[in-house]
Amino acid sequence: MCTSILVHTSFKLTLHDFRSTKLDNSIDMIVHLSCCYDNTNFYCLTTEKLVFFMTLEKMDININKQNSQKNVDYTIKIIITIPAQDLMQKKYNYTQSTYLTNSRQVFSASTGGWVTVWDDTDYDVMEIANEPITNNKLYLKHVKLDEHSITTLICIQNHIITGNTNGDIFFYEKSLRVLYHLNMFVGDPISSIAIIGNQIHVENEKENSSTDKNSEEVTKKIILLDDDSMSWCDISPEVGADFTTGQDFKCSPLCISTRNCRIYYIDITNKSFDYIFEQCEVEFITALSVHPNRSELVMGNSIGGLVVFNYRKKKIVNRVIGNQEIKEDHQVTCIKYSPNGILMNKMENTSFNWNKSPVKHITFNESSTYVVYTDNLFGIYLYGITQLQNPDEFSVIYYGCYEVHEGIIRNILITESKNNLLIYSLGVDHRIIALDFDKTKDNEHPKLVKMMRTESYNEPLYMMKSTINRDKLNFIISGNDLRLSLWNDKRCICTTLGVNLENPIRVMKESPKFSNNIFFCTDTDIGILRQPIDGNPYKNAAVLGSGTKIINIDVSMDSIYLDKLEKHGGDGLKAYSSLLEGGENGPEITELKEYFSCVQLANSRNPETTVISDYVDVYNLSFLMRAMGYFPSETELSNMLYEMFTRIGNSSMMTFEEFVILYLNYKPQLKIKCEELHVAFNELIQNDQFVNAYGENKILTRESFVHMMKNKGEKINPRELEIILNTLLKTTKDISSGSSDNADLIHLALPF
């Protein structure tokens with residue numbers, strides 16, 4: 001456990017917590033964090049209305065006084081200093097802050113074009129003491145630096161670089177004297193600036209060159225940049241430079257990004273620039289697909305435009321400009337390349353003649369001769385595609401639509417045999433639908449052949465076909481409870497812990513070359529997962545993919561990173577120890593061992609002479625799970641037993657290691673919130689079929705409670721209910737025999 005100690009004084013907040021620190025609730029969201037290059041223990045944190053400073057101090061904790069040299073633990077003392085703020089900034093918002101190299105000062109930029117200067121020296125005193133630099137910064141002054149909002153601010157050596165909402169880039173000395181200016185270089189607000197090489201050099205500098213000349217006499221030179229890479233772009237930026245000093249300016253190449261998804265590579269010394277990536281439309285990407293054979297991907301945006309991008313050469317290959325006047329009705333909702341790479345199916349948010357619902361998912365069969373798509377009206381549409389004599393011409397045959405889902409369809413898959421197509425669809429209505437189509441018959445239509453249901457408490461999010469076992473048909477389904485389940489064509493055969501992230505997996509794509517690798521994404525993270533799935537935390541890895549929300553992912557490459565990661569995790573139970581509270585020797589695994597032993601004693605005829613072994617009968621799973629506070633449903637218990645009986649060896653005995661792994665994979669990953677209990681209870685009250693005899697609100701009657709227990713969900717017969725109630729109430733009343741409905745005894749047993 002890691003505790004936090006908060007001490008709040010007039011200007012300082014002191015916290016002791018190295019792993020995580022919760023700041024004062026009065027502090028708004030942090031928009032920028034800057035580290036001091038001269039002292040990596042100094043940090044500046046910026047919010048929209050506040051700038052404060054954090055200092056890390058290392059403290060030794062002596063654990064063993066007799067042998068303190070060998071047993072010393074370390075903790076980090078975190079000191080947060082909140083200085084008096086700049087009153088000028090009340091009507092503006094701070095954007096970024098930066099430490100000056102070899103200086104006591106920190107600069108903070110704002111939306112008003114002002115820069116606030118912070119310093120740890122009090123210049124009002126008569127004598128300035130030459131003391132070491134600290135992070136106890138005070139407000140010094142503010143300077144009007146720009147007519148536009150300053151969006152980014154960095155310090156390289158002794159120079160300051162800023163970008164603003166007008167697309168300008170300024171280079172300053174430490175004294176804030178302008179050295180160089182790129183005037184409206186991109187025309188878009190600058191989001192970030194990065195120097196490649198960290199070198200800025202001014203040659204032939206003349207003293208007072210900036211003060212000897214009137215502002216009207218400033219020499220203006222236009223940089224003629226090499227724009228060969230701009231031949232494909234419709235919009236050319238206005239490029240210029242203002243020389244406010246009479247000197248030659250040299251700088252290492254730099255990269256800048258804009259708010260409209262443009263990234264530039266700029267070489268001021270050689271007077272050239274290039275696009276790393278550029279998206280001419282300011283609209284956001286709504287769909288993408290990767291070409292199966294070429295290093296290209298196609299992106300669709302919210303105004304119906306398409307961009308084909310070569311991700312190896314970082315160059316746009318082709319573009320179809322969207323309609324900027326009509327945005328919502330023409331956004332690209334789905335794009336899909338056919339497996340042979342010849343066809344690309346693009347669907348917009350426009351209506352067809354027979355319905356007015358946008359297309360959501362597109363799937364081809366492996367030979368690219370059939371395509372299936374779904375829409376918001378829960379329909380599944382099947383088309384056949386035939387290539388004509390002209391390679392660029394195709395005929396399309398409509399084979400029909402099938403509507404069986406009662407909710408949004410999450411995903412569709414196609415499996416193919418010589419004579420048949422099997423179309424599987426997954427919906428939020430917890431249904432897995434299988435449609436069969438006979439390819440050998442004319443005028444054939446898809447037919448419903450199978451329907452399966454997922455757990456009612458776990459909303460399915462995505463379904464992926466697993467090809468790691470070519471002899472069997474398997475699907476992997478992700479749910480909003482952070483778990484993954486493996487299905488065959490009949491039932492769920494395995495449930496495992498997903499990935500150790502806060503959000504569930506939304507999209508999964510199997511690697512086309514190495515089928516044991518799965519690429520996935522959540523709302524904000526992208527990662528890779530190794531098959532077969534078994535809940536091992538060392539068989540997956542993820543990184544932050546977006547600060548907002550990831551729309552979709554597609555696969556074009558493979559990785560061997562997980563080979564090393566899995567070896568580091570270890571084998572057997574050791575690999576899962578990080579998921580247990582306290583690890584390998586923590587309280588949770590100790591409790592699991594105790595219950596594992598208690599089950600053996602409870603099933604023994606002579607407990608006093610019983611020798612505890614490493615095996616128990618799999619039918620004791622329900623008792624073991626409930627002892628740990630997890631009450632699985634009948635469906636979950638059935639899945640557990642099926643998983644145990646389909647192991648290699650098909651034994652009815654279960655080892656302690658198998659039990660722990662099963663427990664970690666099946667136990668709930670999301671805690672029930674109090675608000676959710678209130679909502680559920682209110683639902684019960686609204687559906688109360690019996691009159692509330694007490695005449696009060698928000699009360700559930702005994703009759704309604706008993707009725708729901710006997711008739712809703714996993715139904716309980718009256719005898720079972722009577723046993724449960726008497727056990728919970730610890731009464732010694734006689735239990736009625738048989739299965740007759742003894743409602744009076746049940747009502748009397750209830751304490752309300």
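Analyst: Helices (H or I, at least four residues) and strands (E, at least two) are DSSP runs numbered from the N terminus. This is a predicted model: local features need pLDDT of at least 70, side-chain atom pairs count only at pLDDT 80 or more, and totals for chains, interfaces and linings use all residues. Residues are numbered from 1 along each chain as its sequence is written, and side-chain values use heavy atoms, with hydrogens and water left out.

User: Where is Leu176 found, and what is its phi?

Analyst: Leu176 sits in the loop between β13 (169-173) and β14 (178-182). Its phi is positive, about 70°, although Leu176 is not a glycine.

User: Which peptide bond is cis?

Analyst: The bond from Gln531 to Pro532 is cis, with omega near 0°. Pro532 belongs to the loop that runs between β43 (525-530) and β44 (540-544).

User: What lines the largest cavity?

Analyst: Its lining (residues with an atom within 4 Å of a point) has 16 residues, and Glu455, Asn458, Asp481, Ser485 and Thr495 lie nearest the centre. β38 (474-479) and β39 (483-487) each supply at least two lining residues; β39 gives the most, four. By class, the lining has six nonpolar, six polar and four charged residues (nonpolar: Ala, Val, Leu, Ile, Met, Phe, Trp, Tyr, Cys and Pro; charged: Asp, Glu, Lys and Arg; polar: the others, Gly among them).

User: How do α2 and α5 pack?

Analyst: Two packed helices are described by the angle between their axes and the distance between the axes. Helix α2 (residues 587-602) and helix α5 (residues 656-666) pack at about 125°, with axes 11 Å apart (axes are lines fitted to C-alpha atoms over the stretch in contact, and angles run from 0 to 180 degrees between N-to-C directions). Therefore α2 is oblique to α5 (under 35 degrees is roughly parallel, over 145 roughly antiparallel, 65 to 115 roughly perpendicular, the rest oblique). The contact (heavy atoms within 4.5 Å) joins Glu588, Ile589, Leu592, Lys593 and Phe596 of α2 with Phe656, Phe659, Val660 and Tyr663 of α5.

How values were computed: On a 1 Å grid over the protein atoms alone, a cavity is a set of points where a 1.4 Å probe fits but cannot get out, and a pocket is an open set with protein on both sides within 12 Å along at least five of seven lines; lining residues have an atom within 4 Å of a point.
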